[in-house]
Amino acid sequence: MGQKVHPLALRIGYTKNWRSLWFAQRRDFSDNIKQDYKIRKYITEKFIQAAVSMVVIERLAEQIKVRIHTARPGVIIGRRGADIDRLRAELKEITKKDMDKIVVDIFEIKNPNIDAQLVAQAVAFQLEKRVAFRRAMKRSIEQARQSGAKGIKIRCAGRLGGAEMARTEKYHEGKVPLQTLRADIDYGFAEAKTTYGLLGIKVWIYKGDVIKDQEEIEAKAAAAAAAAQPAAQAQSTEKPASTTV
């Protein structure tokens, strides 16, 4: 058997972060995990048309923050934020907390063509609409490459095209270094519920290398350059002392 490693779990602490940000005592740990699962499942099923990519849940003392990353924030927010208030009321039933302790933040995804989860969902949606699987995969690869992805790999498995026997089809373009930890690899998985069975879609997108603490290094270099500039100007304006013989 091959040893499979999740692309995101492998990079936690390097280029990725946890999607549940909290610490709990032993007695509360299992309850929090169940709540996180129910919250994510409810949001992804309720806002299936909103192109939800990721749901990050953060717990601060008695407060719960739910950050929803979506390509269509207007679908979730609703007219004048009415849907947000309704969502908080429904999350109150799941978490058993007061509404004033539930915070929902919406983050817009500017470029959904290079978000692996959204690409997988788009391919699954096309397969459910009876689009040819090769056409759907190639179109997604082309759009991702045009949007700036350095590499992309898509794999579909199941009774593709309604065939009697299930099989796996894979398309790959560009570079996707899965074993390089500094590589920014985005991973997504979706399922297409067709009349002839369930199809699974996996997507890997390579966006370039991420060097840890690069921003901090650049900030220190900029601060050092700014501090050295006045000293250099002071030396250039200073006149040499005149000597008399």
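Predicted model: local features only at pLDDT ≥ 70, side-chain atom pairs only at ≥ 80, totals over all residues.

Reader: OK. How many helices and strands in the protein chain?

Author: Seven helices and eight strands.

Reader: And what radius of gyration does the protein chain have?

Author: The protein chain has 25 Å, whereas a compact globule of 245 residues would have a radius of gyration near 18 Å. Along the principal axes, the C-alpha atoms fill a box of roughly 105 × 50 × 45 Å.

Reader: What share of the residues is buried?

Author: Buried residues are 33% of the 245 in the protein chain. As for the surface, the chain exposes about 16,000 Å², with carbon and sulfur atoms supplying 52% of that.

Reader: Charges next. How many positive and negative side chains?

Author: There are 45 positive and 29 negative side chains, and the centres of the two sets lie 6 Å apart.

Reader: In which sense do β3 and β4 pair?

Author: Parallel, over seven bridges, with β3 covering residues 63–70.

Reader: What about β8, which strands is it joined to?

Author: One of them is β5 (residues 151–158), which runs antiparallel to β8 (residues 197–209) and is joined to it by seven bridges. There, Gly-151 has Tyr-206 in β8 as its bridge partner. Another is β7 (residues 183–194), also antiparallel to β8, with eleven bridges. Ala-183 is bridged to Asp-209 of β8.

Reader: New topic: loops. Where does Ala-71 sit?

Author: Ala-71 is in the loop between β3 and α3 (73–77).

Reader: What's Ala-71 in contact with, leaving aside neighbours within four places in sequence?

Author: Ala-50, Ala-51, Ile-109, Pro-112 and Leu-118.

Reader: And how far is Ala-71 from Ile-205?

Author: Their C-alpha atoms are separated by 17 Å, and the two residues are 134 apart along the chain.

Reader: Back to Ala-51 from that contact list. What is its phi?

Author: Phi of Ala-51 is near 55°, which is a positive value in a residue other than glycine. Ala-51 lies in the loop between α2 (26–46) and β2 (52–60).

Reader: Is Ala-51 buried or exposed, and why?

Author: Ala-51 counts as buried because its relative accessibility is 13%, and the cut-off for buried is under 20%.

Reader: What about Ala-61, where is that and what's its phi?

Author: Ala-61 is in the loop between β2 and β3. Its phi is near 55°, again a positive value in a residue other than glycine.

Reader: Buried or exposed for Ala-61?

Author: Exposed, since Ala-61 has a relative accessible area of 82%, and exposed means over 50%.

Note on methods
Residues numbered from 1 in each chain as written. Heavy atoms only, no water. Helix = DSSP H or I, 4+ residues; strand = E, 2+ residues; numbered from the N terminus. Rg over C-alpha atoms; globule rule 2.2 N^0.38 Å. Buried < 20%, exposed > 50% of the residue type's maximum accessible area, 1.4 Å probe, protein only. Areas by Shrake-Rupley, 256 points an atom, 1.4 Å probe, with all protein chains shown as cover. Lys, Arg positive; Asp, Glu negative; His and termini not counted. Charge placed at Lys NZ, Arg CZ, Asp CG, Glu CD. Pairing = 2+ DSSP bridges. Contact = heavy atoms within 4.5 Å.
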